[in-house]
Amino acid sequence: MKTVPIGKTALYGLLLMMFAAVTQAWAGSLPAYDLELHNGELKPRELHVKAGERFKINLHNTGNTPVEFESRSLRQEKVMGPGVESFVVIHPLKPGEYDFFDEFHLPGAQGLVIAE
């Protein structure tokens with residue numbers, strides 16, 4: 001059997017694709033909550049989640065300006081251009097309230113994750 005050498009760039013690309021597939025499968029099995037960011041407006045302003053459970057927030061920038069989902073208490077930050085969709089995975093939370101905001105549209109674009 002003859003082996004075909006693979007270049008470093010191709011190997012790195014293959015490893016990156018495998019990592020992305022595993023990460024997406026892992027995140028896909030988590031409870032998910034949708035958050036729409038639209039030119040400084042957040043819908044919904046409150047996300048009620050189960051305390052002690054890892055989850056993801058699906059972020060949808062439906063506006064025509066960039067947004068920055070940020071939360072110091074959740075230790076998350078994500079910048080997205082207009083029309084972009086993404087997600088953040090949140091570690092299990094203790095019961096309580098955790099703030100988040102769109103840093104590009106302050107002071108109005110603020111919300112809460114409420115872990116119950």
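Six bridges join strand E1 to strand E4, and the two strands run parallel; strands here are DSSP runs of at least two residues, numbered from the N terminus, and two strands pair if DSSP finds at least two bridges between them. The model is predicted, with local features needing pLDDT of at least 70 and side-chain atom pairs counting only at pLDDT 80 or more, while totals for chains, interfaces and linings use all residues. Residues are numbered from 1 along each chain as its sequence is written, and side-chain values use heavy atoms, with hydrogens and water left out.

Buried means under 20% relative accessible area, exposed means over 50%, and partly exposed is in between, using a 1.4 Å probe and protein chains only.

**Rings and side chains**

The structure holds two aromatic pairs. One of them joins Tyr-33 and Phe-55 in an edge-to-face arrangement, with 90° between the planes; rings of Phe, Tyr and Trp (its six-membered ring) pair if their centres lie within 6.5 Å, and planes under 30 degrees apart count as stacked, over 60 as edge-to-face and the rest as tilted. Because Tyr-33 lies in strand E1 and Phe-55 in strand E4, the pair ties together parts that are 22 residues apart in sequence. Both Tyr-33 and Phe-55 are buried.

| Pair | Kind | Distance |
|---|---|---|
| Tyr-33 and Phe-55 | aromatic pair | 5.5 Å, centre to centre |
| Lys-56 and Phe-87 | charged end over ring | 5.0 Å from ring centre |
| His-60 and Glu-85 | polar contact | 3.4 Å |

A charge sits over a ring if NZ of Lys or CZ of Arg is within 6 Å of the ring centre and within 35 degrees of the ring normal. A polar contact is a pair of N or O atoms within 3.5 Å; within protein, one must be able to donate a hydrogen and the other to accept it, and residues adjacent in sequence count only if both atoms are side-chain atoms.

**Leu-42**

Leu-42 is found in strand E2 and is buried, with a relative accessible area of 4%.

Definitions and conventions. Helices (H or I, at least four residues) and strands (E, at least two) are DSSP runs, numbered from the N terminus.
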